[in-house]
Amino acid sequence: MKGKRSMMIGAIVLIVVLLFMSFRTTLFDPLSFRVKQALNISSSASSDDEPIVFIHGFDGSNWTFFTTTVRYSATNFATRSLTLLVRENGDIEASGVYDKGMKRPMIRVNFENPRSIIPNNATWFSKAMDTLKNDYGIKKVDIVAHSYGGLTFVNFLQKYNYQSDSYPKVDKFTAIGTPFNGSAVSSDGETPYDLTTNGPKKESAYFQEMMKHKDKIPHDLQVLNIVGDLDDGSRSDGPVAVDSAKSAAFLFSNNDYEEVLFTGRFAQHSWLHANIGVDREVKQFLGKN
């Protein structure tokens, strides 16, 4: 009886702590910044603290990176800032607070239609980036994308950002569980799209298109690729095969490219962006010069 009571108390305490962290970072991050600004209290931000822009994947939402931003804020790595909702007609609805004095402002970009095709997402993302540059004066950002969000970013990079001054410059790109070469998965871990030393045995239409415009990827873009493997024989994180995610190495062969593999049940596709180990790798990557 005492054991059950202790478990219940522990669960309640955990829920209260999580709610407090969420409430604190959602409400008080912007409020605290404004209070410090009014009182002329210096911020811990540095000139190298570029905003972090988050892009959700297929069927994602504002909640995809919600807990990520809460954790980053709770550890004083970054500050919750803006949320941009991009409507299907390209209109932008912005909420939150942005100031260049914030420590690594975190900006979530969400799409009204989260189930659209990659080219549409890239167009909508270009609207968000245009807003960040021209409405907020943001000149440089880092990108963190989950799943199809990684493909959205690459499509944007190759079609819109190429030789354009209309958008913030992207210094670092983190892809988490991105299916760079399709979503074929099998229980035995073998697919027609498996990698060889020279590249994939078979290329998906998206991968072919990205490789065709590989020269439009800035050579100074730094890339971190987070890959998941459930370690259940499928060589996948569930929806995305390991080799599909690792195909990014051929796409970014001209870039400063890092790859980190996570294994086990917390390497599942939808758990990767909630994985504390992934947090550690991403923060280390974004924090380096």
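The structure is a predicted model, in which local features need pLDDT of at least 70, side-chain atom pairs count only at pLDDT 80 or more, and totals for chains, interfaces and linings use all residues. Residues are numbered from 1 along each chain as its sequence is written, and side-chain values use heavy atoms, with hydrogens and water left out.

**Helix H2**

- Helices here are DSSP runs of H or I with at least four residues, strands are E runs of at least two, and both are numbered from the N terminus.
- Helix H2 (residues 66-74) is largely enclosed by the rest of the structure, because 7 of its 9 residues are buried; buried means under 20% relative accessible area with a 1.4 Å probe, protein chains only.
- The buried residues of H2 are Phe66, Thr68, Thr69, Val70, Arg71, Tyr72 and Ser73.

**H2 against H8**

- The axes of H2 and helix H8 (residues 276-287) come within 11 Å and cross at roughly 65°; axes are lines fitted to C-alpha atoms over the stretch in contact, with angles from 0 to 180 degrees between N-to-C directions.
- On the H2 side the contact (heavy atoms within 4.5 Å) involves Thr68, Arg71 and Tyr72, and on the H8 side Ile276, Asp279, Val282 and Lys283.
- Sorted by class, this contact has 3 nonpolar, 1 polar and 3 charged residues.

**Nonpolar cores**

- A nonpolar core is a set of buried Ala, Val, Leu, Ile, Met, Phe, Trp, Tyr and Cys residues joined through side-chain atoms within 4.5 Å.
- The largest core has 38 residues, of which Phe125, Ile143, Phe153, Phe173, Phe180, Leu221 and Phe252 touch the most other members.
- Helix H3 (residues 118-134) gives this core its largest share, 7 residues.
- A second, separate core of 19 residues includes Tyr72, Val144, Leu224 and Phe285.
- Beyond its neighbours within four places in sequence, Leu221 has contacts that include Phe153, Phe173 and Phe252, along with Asp171 and Lys172.

**Strand E2 and its partners**

- Strand E2 (residues 79-86) is mostly covered, with 7 of its 8 residues buried.
- E2 and strand E4 (residues 105-111) run parallel and are joined by 6 bridges; two strands pair if DSSP finds at least two bridges between them.
- Arg80 has Met106 of E4 as its bridge partner.
- With strand E3 (residues 92-96), E2 pairs in the antiparallel sense over 5 bridges, and Leu84 stands opposite Ala94 in E3.
- The hairpin of E2 and E3 has 5 residues between the strands, and Gly90 there takes a positive phi near 95°.

Key
Buried < 20%, exposed > 50% of the residue type's maximum accessible area, 1.4 Å probe, protein only. Nonpolar A, V, L, I, M, F, W, Y, C, P; charged D, E, K, R; others polar.
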